[in-house]
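Subject: Handover of a structure for your review

Dear colleague,

Please find below the structure that I am passing on to you. My notes on what was found in it follow directly after.

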Amino acid sequence: MQFPILSFIVFMPAVAGMLLLLIPADRKTEIRMAALAAGAFALILSIWVYFSYDVAAAGYQFIERYDWLPALGISYHVGVDGLSTPLVLLTGVVMFTGVLISWGIDDRPREFFAFLFILATGVFGVFVALDLFMLFFFYEIAVFPMYLLIAIWGWKVTREYAAMKLTLYLFIGSVVALVGALAMYFTSGLGTFDMLALENAGFSPEFQRLWFPFVFFGFAVLGGIFPFHNWSPDGHVAAPTAVSMFHAGVLMKLGAFAALRVGIMLLPEGAKFHMPWIILLTLVNVVYGAFIASVQSDFKYVIGFSSVSHMGLVSMGFATLNKEGMLGAGIQMFSHGVMTALFFAVVGMVYDQAHTREIPKLGGFRKVMPLVALAFIVGGLVSMGMPGFSGFIAEFPIFVGLWNAVPSHLFANYAWIAILAVLSIVITASYIIRIISKVFFGEIPEEFAGHVHDVNVLDKVALVFLSAILIIIGVYPDIMVPMVEQGVNNVLRLLGGA
Amino acid sequence: MATETLIWLIPLPPLLAFFLIVLVTNRSKALSHTIGVGAALLSWLGSMVVFFQALRVEHLGEHPFLSSINWLQTGDTWLRIGVQIDPLSAVTLFFVAWTIFMIFIYSVGYHNYGQPKGDHDRKGLPPHGATVTDVHGHSHTVLSVEPMYSRFFAFLGLFAFGMYTLVVSDNLLTLFVGWEIMGLCSYLLIGFWYGKPSARAAMIKAFMTTRVGDVFMLLGLAYLYSATGTLNYREIFYNPTVLNELAHSASGVLGLSAAGLISILLFIGAVGKSAQWPLHVWLPDAMEGPTPVSAMIHAATMVSAGVYMVVRIFPLLSAGAEGGHATTAMTVVAFIGAFTALFAATIAVAQNDVKRVLAYSTISQLGFMIAALGIGAYVAAAFHLVTHAFFKALLFLGSGSVIHGMEHGVLHTGNHKVDPQDMFNMGGLRKKMPITFWTFLIGGFALSGFPLVTAGFWSKDEILTDAWKHAPVVFVVLALAALLTAFYTMRQISLTFLGEPRTKEAEHAHETPWTMTLPLSILAFFSITFGWVGIPEYFPILGGIPKALGFTPNWFHEFVHGTLPLLPEGGAHGAMLALAEAANFDPIPLITSLVVALGGLALGYIVYKNIRPEQADPLVKPLGPLYPVLKNKYYFDELYDFLFVRPAYWVAETFTSKWMDRVVIDGILHFFAHLTGVIGNAFRDYFDKPIINELLGDRVADVVQKIGHWAREIQTGRVQQYMIVALVSIAAFGALFYYLLVLAR
């Protein structure tokens with residue numbers, strides 16, 4: 001039997017979190033070292049999975065399957081395909097960098113890291129789950145620590161409100177999705193939650209059309225789909241830096257990913273039926289998020305709403321239901337994950353020094369923290385879809401997919417949608433440029449002169465690491481594109497080659 | 001080394017220079033500029049070798065140098081990236097290599113290399129001068145070296161990389177990569193003196209305006225790719241099947257064909273990059289950057305990229321043209337080009353800043369090229385592209401030299417209120433700066449189209465000739481624009497160099513060092529001679545000379561025309577290309593170009609030859625209320641602010657952010673949260689408390705309690721009483737059981 005690498009990845013963080021709790025609370029340095037070791041270990045494991053995934057062989061790999069509750073058809077069934085492997089890597093990357101930039105947390109770091117790692121277990125679990133029940137199980141594991149992390153370690157002004165809002169939105173979303181999932185379970189007559197079996201259950205088109213919105217929107221709430229996006233920016237702003245990185249970088253992908261895996265893959269006919277107006281909603285996401293981001297004065301809200309906008313592109317790519325669009329969406333999930341983690345890391349670093357996030361009050365930070373400014377510019381170029389950075393590799397196929405999308409009862413073609421969506425990139429450029437010129441260039445306000453300092457070496461490692469990933473994919477897309485393509489092929493097979 | 005390998009290598013030295021300067025040598029000015037200029041030299045060498053190799057290939061258009069590799073897999077097809085040199089890229093490479101190399105050299109002098117460090121100079125601001133004490137103990141203020149000297153060469157290097165990439169690319173994707181790199185560098189270089197608020201505003205304006213064009217171009221690329229599965233020039237533009245299919249499939253937008261919509265989307269990209277109306281507003285403001293930047297990016301290379309791209313996509317633009325009638329897309333292009341040419345020329349007439357005049361003139365000249373493309377004269381457009389790059393780079397560098405000389409004067413007098421860029425502060429500089437004067441004169445005459453001698457005459461004449469043949473309206477508009485061009489050019493030359501100095505500063509102006517004058521001389525050389533390669537063979541007398549000397553007559557036309565060989569099955573496409581054929585001799589356009597060029601120059605000289613100090617512009621009176629309109633560029637900045645910027649902010653701030661997101665969506669959420677509370681309270685107050693609590697819970701407890709109270713009466717603690725109760729009970733139960741078990745049976 002092969003080494004159960006996926007199980008190892010999934011449970012290692014939770015176990016590490018539990019072990020952390022055994023270290024005396026006042027030995028903070030040891031706690032941080034242990035957390036860093038666990039993060040690095042998770043990163044190495046995920047890199048290992050990424051590079052040992054056999055692209056040529058395609059399909060699900062590293063499969064493990066054990067019966068759990070055979071009477072109900074629930075099994076522990078995990079495996080990764082071309083779409084989820086990059087996301088596993090993404091989680092490893094964010095976990096590692098999240099620990100690095102959380103070095104300064106002084107209030108109960110032990111519990112903080114423990115919760116963060118439980119969150120990581122949930123996230124890893126969702127990405128690798130091949131059993132519907134397992135997927136929900138891990139999904140809830142991922143949501144629950146968010147509440148505590150935000151409510152305890154968050155920004156004092158809004159943390160209770162934000163934590164509550166986030167948790168309620170996500171739980172309600174998952175309950176709605178669960179209703180759809182149970183409908184599938186009982187209707188299929190197979191008596192199993194195994195998604196590979198449910199893929200071939202042969203649900204009638206009427207059934208699929210009815211239940212698709214439940215499943216899709218239930219999960220898409222976590223992907224920040226309009227008009228259920230509002231928990232997200234509030235949550236981002238209230239969360240501590242590492243949690244924001246997880247939240248925007250990985251957690252939102254969880255929603256999009258689950259919407260794809262459970263919604264589009266299990267109910268393809270429903271997806272085809274509802275696709276046109278979902279594209280319309282995602283268009284709202286893209287433009288609306290960008291508009292709001294462009295006028296926020298709080299640095300973190302800008303990034304929070306930019307996530308709403310960019311996640312709209314992910315959903316839009318999936319909703320095109322063709323190869324190019326979904327390929328772009330798959331890459332966008334990874335690219336945006338890394339990019340937004342980088343953004344939130346930068347916001348956190350600026351805030352730690354300035355103790356304010358009000359953009360008009362900041363200025364000239366390039367002089368004290370040049371590397372941070374450079375990293376933000378790299379992230380900004382990614383978000384503007386500049387060629388040579390991963391954002392272009394993601395957004396270009398999405399737009400190609402949009403042109404290729406099948407005409408429907410709602411739209412004869414998607415030209416106007418594409419034209420409106422592409423304008424959001426202009427708005428994106430405007431708020432990125434605004435931040436670059438207001439926060440990093442110009443003069444340092446007098447109150448900060450001498451009080452703000454450069455970030456430490458761990459922060460720099462994290463920034464360089466994240467930036468490097470964005471550039472590598474932009475320059476050498478071959479490192480990821482074929483893999484995602486294999487995953488997309490599998491989805492297309494279920495869609496009947498549409 | 002194979003020529004193909006060499007082509008791959010051309011863009012790399014400046015990129016390496018960029019990294020080397022940024023990472024290693026940025027502290028040493030000498031090392032940095034050596035690396036920068038050295039890299040430009042290498043690329044120049046490579047380009048020249050490739051160019052002359054290309055000349056030796058027969059029918060280069062059909063057998064270009066090609067080489068490509070896989071880059072990005074989308075779906076089943078690969079986006080391939082590669083290089084190609086065909087006649088069009090060869091001539092573009094020629095002028096790009098020359099102008100870039102010249103500008104690198106010029107920058108050494110422009111940024112005062114070898115001068116002392118400034119007294120108060122800070123990073124992000126132009127140098128303010130340094131005080132030196134000479135051997136006699138007198139202290140002078142002299143020009144000081146640029147504080148961010150090394151960084152400038154790094155950025156220029158990155159820019160050069162972008163431009164070379166764009167030129168040698170064999171597909172629209174790599175072209176777009178180069179395009180975006182240049183956009184970024186343009187942003188960085190316009191804001192090079194980021195300490196100036198005006199420079200910061202200009203950099204943002206430039207970036208955002210071109211960004212609007214770029215995203216439409218991206219969309220056009222996405223559409224083109226989704227329709228054809230490739231972005232390679234040869235697979236699209238040289239493939240009649242593909243073109244035909246695109247020309248005859250509807251796009252579903254505004255009744256355009258797919259080819260029409262794609263070309264218009266791509267053309268919007270060019271409108272942004274080449275600063276055509278209505279996206280022209282960024283270019284004049286971009287003059288906030290150092291002058292070599294204005295010369296290189298905003299005159300010679302980057303803004304040319306837009307025109308170059310439209311020349312590239314010409315087959316697509318003209319696909320579907322029936323029997324010589326222009327396509328809708330072409331009409332759009334012709335209109336925008338011609339309108340911009342005239343419109344920008346009128347603004348240039350009323351500008352006083354020496355660089356802004358040139359900026360508007362650039363916009364206008366690019367309009368000429370775009371208009372030429374719109375009427376199908378793509379060879380003429382390419383010709384004007386090349387000649388314009390030479391003489392406009394020359395003019396900008398010349399204006400930089402003038403400003404430099406003026407700054408020398410300003411430092412001498414110490415009066416910093418004098419704007420060294422205002423032409424009304426100059427005058428008489430021909431004596432102080434002879435090389436600058438003569439080269440500027442050549443550049444200016446080329447721009448005006450001074451007959452027979454200058455390159456600008458031949459290229460502009462070709463455009464006018466073609467316009468006369470195919471689109472008389474365009475011809476009239478362009479002729480008017482040409483008249484204005486000659487007029488404002490002579491106005492500029494007269495105000496700057498002729499007459500007597502109008503300020504003390506102008507009296508003390510000084511010729512600039514050889515690093516600046518040498519590039520001027522070389523560019524002046526090309527501003528004259530490059531026109532000779534495109535003398536039409538039908539031209540009286542001169543047209544026959546090349547043949548007599550053994551050269552190809554009208555070499556440029558022959559060579560570049562081969563870029564788009566007539567396709568055998570031609571059809572509609574072939575007919576359109578026939579438009580681009582050299583016209584036969586017709587005296588009317590020739591006479592027109594002679595009249596407008598000479599007339600405009602003469603008029604400009606007469607009006608401006610001797611302006612006194614403090615004298616107002618002689619145009620103010622005759623133009624009346626029109627003058628402030630021109631001076632303020634038709635108020636386009638204000639108009640855009642009113643039409644786009646403010647509404648966008650309103651939509652974002654008031655409507656979307658404050659109202660939709662916070663009031664409506666959050667409102668609904670909070671309403672439900674509140675509703676939940678209300679329902680909870682209702683349950684609590686009207687059901688939970690009265691019914692469950694009081695009626696069920698408390699009442700039951702009350703009853704139990706009462707029973708307890710009552711039962712307490714018998715709980716006296718006296719044993720005797722318990723015994724009696726027990727006895728009585730036993731007796732009673734006994735009787736009961738007896739009755740039930742025995743009697744009742």
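**Backbone features**

B:Pro278 lies in the loop of chain B that runs between α10 (258–273) and α11 (282–285). The peptide bond that joins B:Trp277 to B:Pro278 is cis, with omega about 5°. Please bear in mind throughout that this is a predicted model.

Chain A also has a cis peptide bond, from A:Phe226 to A:Pro227, where omega is near -5°. A:Pro227 is placed in the loop between α8 (205–220) and α9 (231–238) of chain A.

Two residues of chain A deserve a check of their phi angles. A:Phe62 is not a glycine, yet its phi is positive, at about 55°. A:Phe62 belongs to strand β1 (residues 61–69) of chain A. Is A:Phe62 buried or exposed? A:Phe62 has 20 other C-beta atoms within 10 Å, and because the cut-off for a buried residue is 20 or more, A:Phe62 is buried.

A:Leu321, likewise a residue other than glycine, has a positive phi near 60°. A:Leu321 is located in the loop between α12 (299–319) and α13 of chain A. A:Leu321 has 23 C-beta neighbours inside 10 Å and therefore counts as buried.

**Helix α8 of chain A**

α8(A) consists of 16 residues and reaches 21 Å from its first C-alpha to its last, which is close to the 22 Å expected at 1.5 Å a residue. Where does α8(A) bend? The bend, of about 40°, is at A:Trp211, and the proline A:Pro213 follows within four residues.

A:Trp211 is itself buried, and other buried residues of α8(A) include A:Gln208, A:Phe212, A:Phe214, A:Val215 and A:Phe216. The buried residues of α8(A) also include A:Phe217, A:Gly218, A:Phe219 and A:Ala220. The elements that cover them include α6 (159–188), α10 (241–264), α11 and α12 of chain A.

**The surroundings of A:Ala58**

A:Ala58 sits in the loop between α2 (28–52) and β1 of chain A. A:Ala58 has 17 C-beta neighbours inside 10 Å and so counts as partly exposed. Leaving aside residues up to four places away in sequence, A:Ala58 touches A:Gly82, A:Gln486 and A:Asn489.

**The contact between the chains**

How many residues of each chain are in contact with the other? On chain A there are 38, and they meet 35 residues of chain B. The elements that give two or more residues to this side of chain A are α11 (268–295), α13 (323–354), α16 (390–404), α17 (415–440) and α19 (481–494) of chain A. The largest share, eleven residues, comes from α17(A). By class, the side of chain A that touches chain B has 28 nonpolar, seven polar and three charged residues.

**Chain B as a whole**

Chain B contains 31 helices and four strands. Its radius of gyration is 39 Å, well over the 27 Å that the globule rule gives for 745 residues, so chain B is more spread out than a compact globule. The C-alpha trace of chain B spans about 155 × 80 × 60 Å along its principal axes.

Of the 745 residues of chain B, 55% count as buried. Taking the contacts in chain B between residues at least 6 apart in sequence, 77% join residues at least 24 apart.

**The nonpolar core**

The largest nonpolar core has 444 residues, and those with the most contacts inside it are B:Val310, B:Ala393 and B:Leu478. Helix α17 (residues 378–413) of chain B gives the most to this core, with 21 residues.

Not counting residues up to four places away in sequence, B:Leu478 touches B:Ala338, B:Ala341, B:Phe368, B:Ala371, B:Ile463, B:Leu464 and B:Ala467.

A further helix of chain B, α20 (residues 455–470), has 16 residues and reaches 23 Å from its first C-alpha to its last, close to the 22 Å expected at 1.5 Å a residue. Of the 16 residues of α20(B), 14 are buried, so this helix is largely enclosed by the rest of the structure.

With kind regards

Conventions. Residues numbered from 1 in each chain as written. Chains lettered and ligands numbered in written order. Predicted model: local features only at pLDDT ≥ 70, side-chain atom pairs only at ≥ 80, totals over all residues. Contact = placed C-beta atoms within 7 Å. Nonpolar A, V, L, I, M, F, W, Y, C, P; charged D, E, K, R; others polar. Buried ≥ 20, exposed ≤ 12 C-beta atoms within 10 Å, placed from the backbone. Expected span 1.5 Å × (residues − 1). Bend = angle between axes of the 7 residues up to and from the residue. Core = buried A, V, L, I, M, F, W, Y, C linked by C-beta atoms within 7 Å. Rg over C-alpha atoms; globule rule 2.2 N^0.38 Å.
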